[in-house]
Amino acid sequence: QVQLVESGGGLVQAGGSLRLSCAASGRTFRMTDMGWFRQAPGKEREFVASVRWKSGWTTHGDSVKGRCTISRDSDRNTVSLQMNSLPPDATAVYYCAVRVFGAQAYDYWGQGTPVTVSS
């Protein structure tokens, strides 16, 4: 089992910045990927970004490229998402997730942290 706790969400004006963090605990040695997803009201969950835990290789979704950057601190088992120049349509609940060795998908999810971007 891996437990995840997100923090850093809140209310920000359009064009502003937020930094989300996610702390992992438990059987973290099994982690292969950590990622961020978001779900806006009435919409499906959307991939935001991910990082390969060992190599640090990152992937960012097309809708956030150039505005969001994922990073990891493997010593502290944390992953962060720096979001800049936020548009109103970035309003969503942001979820941290983990994929572990042998899994085909992200198996562990945090409770989510809400982000509201006001216009």
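Tutor: We'll take the sheet, the core, the cysteines and then some loops. Keep in mind that this is a predicted model.

Student: Start with the sheet. What order do the four strands of the open sheet take?
Tutor: The order is β1-β3-β8-β7, with antiparallel pairing. β1 (2-7) and β7 (68-73) stand at the edges. Each has a single partner strand, so one side of each lacks a neighbour in the sheet. From one strand to the next, the twist averages 15°.

Student: How many bridges hold β3 and β8?
Tutor: Six, in the antiparallel sense. Cys 22 sits opposite Val 79 of β8.

Student: What about Ser 80, buried or exposed?
Tutor: Ser 80 is in strand β8. It counts as buried, because its relative accessibility is 10% and the cut-off for buried is under 20%. Beyond its sequence neighbours, Ser 80 touches Arg 19, Leu 20, Ser 21, Trp 36, Thr 69, Ile 70 and Ser 71.

Student: Other pairings. How many bridges join β4 to β5?
Tutor: Six, and these two strands run antiparallel. Arg 38 stands opposite Glu 46 in β5. The hairpin has six residues between the strands, and Gly 42 there takes a positive phi near 75°.

Student: And how many bridges pair β5 with β6?
Tutor: Three, again antiparallel, with β6 covering residues 58-60. Ala 49 faces His 60 of β6. This hairpin has five residues between its strands. Gly 56 has a positive phi near 85° in it.

Student: Which residues other than glycine have a positive phi?
Tutor: Asn 77 is one of them, with phi near 55°. Ser 85 is another, at about 50°.

Student: Where does Asn 77 lie?
Tutor: In the loop between β7 and β8. Asn 77 counts as buried at 19% relative accessibility. Thr 28 touches Asn 77, and also Val 2.

Student: Where is Thr 28, then?
Tutor: Thr 28 is in the loop between β3 (18-26) and β4 (31-39). Its relative accessible area is 14%, so Thr 28 is buried.

Student: Now the core. How many residues are in the largest nonpolar core?
Tutor: It has 32 residues. Those with the most contacts inside it are Leu 4, Met 34, Trp 36, Leu 81, Met 83 and Tyr 94.

Student: Which strands supply it?
Tutor: β1, β3, β4, β5 (46-52), β7, β8, β9 and β11 (113-118) each give at least two residues. β9 gives the most, with five.

Student: Why would nonpolar residues gather like that?
Tutor: In soluble globular proteins, nonpolar side chains tend to be buried together.

Student: Cysteines next. How many disulfides turn up?
Tutor: One, in a search of the whole structure. It joins Cys 22 to Cys 96, with S to S at 2.1 Å. The link is left-handed, at -80° about the S-S bond. Cys 22 lies in β3 and Cys 96 in β9, so the pair ties together parts 74 residues apart in sequence.

Student: Are those two buried or exposed?
Tutor: Both Cys 22 and Cys 96 are buried.

Student: Why is Cys 68 too far for a bond?
Tutor: Because its sulfur is 14 Å from the closest cysteine sulfur, which belongs to Cys 96. The cut-off for a disulfide is within 2.5 Å. Cys 68 is buried too, with a relative accessible area of 7%.

Student: Last topic, the loop between β8 and β9. Which residues should I look at there?
Tutor: Pro 88 is one of them, in the loop between β8 (78-83) and β9 (92-100). Ser 85 lies in the loop as well. Pro 88 is partly exposed at 37% relative accessible area, and Ser 85 is partly exposed at 46%.

Student: What does Pro 88 touch?
Tutor: Ala 14, Val 117 and Ser 119, leaving out residues up to four places away in sequence.

Student: How far apart are Pro 88 and Arg 30?
Tutor: They are 36 Å apart in space, C-alpha to C-alpha. In sequence, Pro 88 and Arg 30 are 58 residues apart.

Key:
Residues numbered from 1 in each chain as written. Predicted model: local features only at pLDDT ≥ 70, side-chain atom pairs only at ≥ 80, totals over all residues. Heavy atoms only, no water. Buried < 20%, exposed > 50% of the residue type's maximum accessible area, 1.4 Å probe, protein only. Contact = heavy atoms within 4.5 Å. Pairing = 2+ DSSP bridges. Axes fitted to C-alpha atoms, helices over the stretch in contact; angles between N-to-C directions. Core = buried A, V, L, I, M, F, W, Y, C linked by side-chain atoms within 4.5 Å.
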